Each structure stands twice: as structure tokens, then as C-alpha cells.
Amino acid sequence: MGQKGREIAKLDHKWLLNELNKAYAFEWVVHYYAALASDIVSGLRTPVYAEIFKKAAEGELGHAGRIAKRIAELGGEPCASMAEIEKLAGFGKVGFPKNRSDIKGFIEIFLKMERHAIELYNNLSNKTHGKDLVTHELAEDLLAEEVAEEEEYENLLKG
Ligand SMILES: [Fe+2]
Ligand SMILES: [Fe+2]
């Protein structure tokens, strides 16, 4: 980011980069688990859910990419350690259902993740409002996507 770009960003730089890195890490965690779910889900409706989880994995990786670009624009470093990614994400342990055809069990985990993401971006959106418009727009955009994803999972749970 150039001189003027830095001037107009009125937030504590260190704080903002840390928040963005937490979001970056969390998106990677969701990406990882969605990709894994796509590979291990089984049962009669496997192809349908494998595809749903695969698409989700791609979407979350896209989110991670957008955040990484913003971190770089701000002169920061996106977290480059997988061990740190898990710690930074701060989501805790994810236990997939032992029964790989327990679709509801899988979806409940992803629903929890979407809700975590919603809180994260709602918070980031509020805190950047009027202070860092570029990050604010990114946070709003991601918030809208996570809100839509939560609804999709809720609808899947209803069957
Ligand atoms: Fe996401
Ligand atoms: Fe999501």
C-alpha cells in the first residue's frame, strides 16, 4: 500500500493485521475441514454432499486469498506456518462424526464454523467502519457470503 493508502487507514495497524490474520487462519481451517469432509463423507447421498463440501472448501479458500491480499496491501505478512494457522484460528477441536454417513453431524460442524465466521466479520466490519474503508468493504462482503452460507446449511439440515 502506498503513502496515501496508509494515511487514510486510521486504525491501529498491528491490531488490524492481527485481526485479519485470525480471519485468514480461520478460513484455512474451514477450507481444510470442508475438503476433508468432501473426501470422507459416505452413504447413499455421498456424491451430493461430497460436491457441496468441495464447493464450500473452494469458497473458503477464496476468502482466505482475499484476506491474504489485504494483509499484503497493508504491508503485513499473512501467517506462513500451518502450526500457527490452527492456533490463530482459535476455533478449537473439530471432531467429525464417527459415522461417515451422518450428514447432519457434518453439517452441524460447518454451521458452527459459519456462525463463527459471521461473528468474526461482523466484528471486523463494525470496527473498520469509517476508519479503513477498503478493509470494511471486504469484511462486509465476506459477512454477506457467510450469512448466505449459514442459511444454506440451515436449509440442508431441514432436509
Ligand atoms: Fe469464509
Ligand atoms: Fe463460510
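Predicted model: local features only at pLDDT ≥ 70, side-chain atom pairs only at ≥ 80, totals over all residues.
Two residues are taken to be in contact when their C-beta atoms, placed from the backbone, lie within 7 Å.

A pair of packed helices is described by the angle between the axes and the distance between them. For helix 2 (residues 13-40) and helix 5 (residues 103-128), the angle is about 165° and the axes are 11 Å apart. Because angles over 145 degrees count as roughly antiparallel, helix 2 is roughly antiparallel to helix 5. The crossing of the two is left-handed. Helix 2 contributes Glu19, Ala23, Phe26, Val30, Ala34 and Ala37 to the contact, and helix 5 contributes Phe106, Phe110, Met113, His116, Ala117, Leu120 and Leu124. By class, these comprise 11 nonpolar residues, one polar and one charged.

Phe26 also figures in the largest nonpolar core, a set of 38 residues in which Tyr24, Ala25, Phe26, Val29, Ala34 and Phe53 touch the most other members. Two or more residues come from each of helix 2, helix 3 (46-73), helix 4 (82-89), helix 5 and helix 6 (133-158), with helix 2 giving the most, 12 residues.

Ala25 counts as buried because it has 24 C-beta neighbours inside 10 Å, where 20 or more are required. Beyond its neighbours within four places in sequence, Ala25 is in contact with Cys79, Ile85, Leu88 and Ala89. Ser125, 100 residues from Ala25 in sequence, lies 18 Å away, C-alpha to C-alpha.

Notes: Residues numbered from 1 in each chain as written. Chains lettered and ligands numbered in written order. Axes fitted to C-alpha atoms, helices over the stretch in contact; angles between N-to-C directions. Helix = DSSP H or I, 4+ residues; strand = E, 2+ residues; numbered from the N terminus. Parallel < 35°, antiparallel > 145°, perpendicular 65-115°, else oblique. Left-handed = near helix turned anticlockwise from the far one by under 90°. Nonpolar A, V, L, I, M, F, W, Y, C, P; charged D, E, K, R; others polar. Core = buried A, V, L, I, M, F, W, Y, C linked by C-beta atoms within 7 Å. Buried ≥ 20, exposed ≤ 12 C-beta atoms within 10 Å, placed from the backbone.
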